Each structure stands twice: as C-alpha cells, then as structure tokens.
Amino acid sequence: MPDQITRTPSASMEEVSSLTGDDQTVLNQAKKEKLTGWYPFDDRLNGLEAIAIAQRANAAYSERLLNVNGNVWLSTTVLWSCAAVIASLIVGLSLPEFLLGVALPLLPALLDVWEQYRSTRRAGLTRRTMASDIEAFVRGQSSRQLAAEDLLVWQSQVYDLRRTSPQIPNLVYKGMRDRNERAMNAAATELAEAALRHSAGGTSPGGH
C-alpha cells in the first residue's frame with residue numbers, strides 16, 4: 001500500500017506503550033483474543049486484490065456486527081416500552097398517572113436508545129456501501145482498474161469509521177463472532193475465486 005497520510009493528533013510511542021505494554025504482551029493478548037491471521041488473505045492473488053478483499057472483509061464484518069447491535073437496541077426499546085405499559089395496567093394507573101409517572105420519565109431514555117439505533121444503522125449502511133464498491137473493483141465491474149490509491153482511500157475510510165461509529169458491547173461481539181467470521185471467510189473465498197476468474201479471462205473493467 002502507499003504511505004499513509006500523517007494523522008494529527010496521534011499518540012506518542014510512550015502513550016501507546018503505557019496502554020498496551022511491551023511487544024510480547026501485545027502478541028500474547030492478540031493470540032488470546034484470536035486476532036492473529038484474522039484477515040482473509042489469498043496468496044494466489046496479487047497484492048492489490050488481496051488487500052482490497054481484506055479491506056472489504058473488514059467493512060462487511062463490521063456492517064453485520066453493527067446491524068445486530070442495532071437490532072438489539074431496537075428490541076430492548078420495544079420490550080422496555082411493553083413492560084412499562086403492562087406494569088402500568090397491572091398496577092391500575094390512570095392515563096394521567098401513566099403519562100406523568102411512566103411515559104415522561106422514560107421518554108429521554110427512549111429517545112437516546114432510538115438515536116443509538118439510528119446511528120448504528122447508518123454506520124452499517126456506510127460500511128455496506130464501501131464493501132460494495134470494493135467488490136465491484138475486485139470483480140472487474142468498475143469503470144477502471146484497481147489502483148494502490150484506492151486502497152489508501154478505503155483504509156482512510158476504515159479509520160474514520162472506527163473513530164465515529166457507535167461502540168459495540170462485548171456481549172454482542174463475542175456472541176456473533178464465530179458466525180460472522182464464517183460468513184466473512186466464505187465471502188472472501190468466493191470473491192478471491194471471482195478475481196482469479198476475471199484475471200484469467202482477461203476481461204476489461206466493467207465486464208465488457
């Protein structure tokens with residue numbers, strides 16, 4: 001890949017070391033969390049295509065995770081609202097009592113949850129768009145050939161999305177990890193085969 005643009009502000013070496021520990025500690029933690037060799041990488045492909053598929057895998061994996069997280073927030077909101085209504089009916093609250101004692105106090109929290117759901121879905125849609133763009137290049141369906149500059153643009157997008165996207169609870173991440181990784185690797189394998197067929201066929205960009 002071409003050189004990355006220097007990002008400001010950036011963490012100093014001392015700050016990184018104080019947070020992560022020495023190199024061996026970082027490696028041990030990566031092995032514990034099963035992060036080594038995480039990206040699908042096919043040695044049969046050239047560097048551009050292999051890296052692009054890895055970047056797409058990152059975007060698609062994150063999109064699936066964000067969608068699940070959004071559904072969790074939405075389900076929580078619906079269940080929370082239903083529980084409040086049912087509890088009010090069981091207690092026998094009148095409409096004014098329900099509005100003043102239940103609905104109004106819960107409204108700010110419900111709005112926060114709804115906004116969290118919307119922002120999560122938006123972040124997932126952005127990643128799906130990115131994944132689709134990368135796929136078009138790898139399959140040779142774009143109007144031009146894949147270039148190193150495209151990888152830099154996509155990597156910058158990944159960094160920006162990581163900084164601005166909603167956080168995912170560990171419970172959601174760990175619960176979906178095995179399923180999401182199987183889907184990610186299967187899609188990456190299929191896309192690698194498509195890239196190899198495209199290269200062997202010698203078709204021009206756009207599939208013409």
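The second largest pocket holds about 200 Å³ of space, where a pocket is an open set of points on a 1 Å grid over the protein atoms alone, at which a 1.4 Å probe fits, with protein on both sides within 12 Å along at least five of seven lines. The volume is the space filled by probe spheres set on the points, which are joined across faces, edges and corners. This is a predicted model, in which local features need pLDDT of at least 70 and side-chain atom pairs count only at pLDDT 80 or more, while totals for chains, interfaces and linings use all residues. Residues are numbered from 1 along each chain as its sequence is written, and side-chain values use heavy atoms, with hydrogens and water left out.

**Pockets**

- The second largest pocket is lined by Ala11, Glu15, Val16, Leu19 and Thr20, a lining residue being one with an atom within 4 Å of a point.
- That lining divides into 3 nonpolar, 1 polar and 1 charged residues, where Ala, Val, Leu, Ile, Met, Phe, Trp, Tyr, Cys and Pro count as nonpolar, Asp, Glu, Lys and Arg as charged, and the others, Gly among them, as polar.
- The largest pocket contains about 590 Å³ of space, and of the 20 residues that line it, Tyr61, Ser62, Leu65, Ile168 and Tyr173 are the closest to its centre.
- Helix H3 (47-91), H4, H5 and helix H6 (170-201) each give two or more residues to the lining of the largest pocket, with helices taken as DSSP runs (H or I, at least four residues) numbered from the N terminus.
- H3 supplies the largest share of this lining, 6 residues, and by class the lining has 12 nonpolar, 5 polar and 3 charged residues.

**Aromatic pairs**

- The count comes to 3 aromatic pairs, a pair being rings of Phe, Tyr and Trp (its six-membered ring) with centres within 6.5 Å, called stacked if the planes are under 30 degrees apart, edge-to-face if over 60 and tilted otherwise.
- Trp38 and Tyr39 form an edge-to-face pair, 4.9 Å centre to centre with 90° between the planes, and Trp38, Tyr39 and Tyr61 form one aromatic cluster.
- Phe137 and Trp154 are also edge-to-face, because their ring centres are 5.5 Å apart and their planes stand at 70°.
- Phe137 lies in helix H4 (residues 95-138) and Trp154 in helix H5 (residues 148-164), so this pair ties together parts that are 17 residues apart in sequence.

**Burial**

- Trp154 is buried, with a relative accessible area of 6%, where buried means under 20%, exposed over 50% and partly exposed in between (1.4 Å probe, protein chains only).
- Phe137 is likewise buried at 15%, whereas Leu107, at 41%, is partly exposed.
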